[in-house]
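Q: Hi, I'd like to go through a protein model with you. Can we start with the basic terms?

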Amino acid sequence: MSGGGLVQGRTALVTGAAQGIGLAIARILWEHGAKVVLADRNAGLAAQAAEELAAGERVSSFGCDVTDEEAVAAAVAHAADRFGGLDIMVNNAGITRDATLGKMTLADFEAVVDVHLKGTWLGVRAAAAVMRPAGAGSIINISSLSGKSGNFGQTNYSAAKAGIIGLTKAAAKELAARGVRVNAVQPGLIRTAMTAAMPPDVFAAREADIPMKRAGEPHEVAGAVLFLASDLSSYMTGAVLEVGGGRLM
Ligand code: NAP
């Protein structure tokens, strides 16, 4: 896109961007003119995804485990060095370790809370350190409808995703006067590797519960992120957008 993109010329960093929703977010930001860094804990997959997206044009990749404080700071520094500044930060990386309370281990709980909650907090803090002095920026945190309603077998994931909402609102209040907006997106059931791991009958039952009667596609979450990243949402901060086909409204 030349000249007219919604995020034309801005620098964006997306975590967990090697596949799924993160890759779709990286793609739509790129299509709308942004310079995009795809970060993922698997550096090789991130590099491959970046190559397939744009073969080096306005795109870069970076190996980053979002639970690692130094790695998150390094990813933000990479974006700023490579493309200048940081205008858009998308904290998207995620995992699941589903089990009922009787079977969930402390390690399952800690792993999920670490990636989602600590990882998002580290991303928000590192991005804010660059955006605050610049007096502008948009941070988007990927939560889940599981954090709104609580999902059976997801005490770890629901807790972490609900925590991201509190974090988003607190950070939004701290950063609003500095020109930095912080918002969250709560996807419902989206067709990615994460949900491909669900038993087909469970997936079908979830789909049947959705008023729109289908799972969403990654690009349908990415559209909401593009809106929050762009000036179309210039008066929105601390908001939570649900992208769930009407589920759990
Ligand atoms: P996905 O296809 O599994 O992609 C997630 C990516 O994040 C993977 O490449 C994963 O790498 C990476 N990642 C995991 N832990 C990481 C870490 N510590 N540091 C850096 N990268 C890491 O999942 P998705 O469905 O696109 O999910 C993206 C986000 O949307 C997640 O936050 C998820 O919770 C949220 N979400 C998804 C749905 C859904 O229905 N799919 C619904 C609501 C919310 P590995 O493959 O190595 O783990």
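A: Helices (H or I, at least four residues) and strands (E, at least two) are DSSP runs, numbered from the N terminus. This is a predicted model: local features need pLDDT of at least 70, side-chain atom pairs count only at pLDDT 80 or more, and totals for chains, interfaces and linings use all residues. Residues are numbered from 1 along each chain as its sequence is written, and side-chain values use heavy atoms, leaving out hydrogens and water.

Q: Which polar backbone atom is 2.7 Å from a ligand oxygen?
A: One of N92. A polar contact here is a pair of N or O atoms within 3.5 Å. The side chain of K161 has an N or O atom 2.9 Å from a ligand oxygen. For V66, a backbone N or O atom lies 3.0 Å from a ligand nitrogen.

Q: How much of the ligand does the protein cover?
A: 91% of the 890 Å² of accessible area that the ligand has on its own (Shrake-Rupley method, 1.4 Å probe).

Q: New topic. How many helices and strands are there?
A: The protein has nine helices and seven strands. Its C-alpha trace spans about 50 × 35 × 30 Å along the principal axes.

Q: Where is R58?
A: In the loop between α2 (43–54) and β3 (59–63). Phi of R58 is near 60°, a positive value in a residue other than glycine.

Q: And what is phi of L248?
A: Near 55°, also positive in a non-glycine residue. L248 is in the segment after β7 (240–243).

Terms used. Polar contact = N/O pair within 3.5 Å; in protein donor to acceptor, adjacent residues only side chain to side chain.
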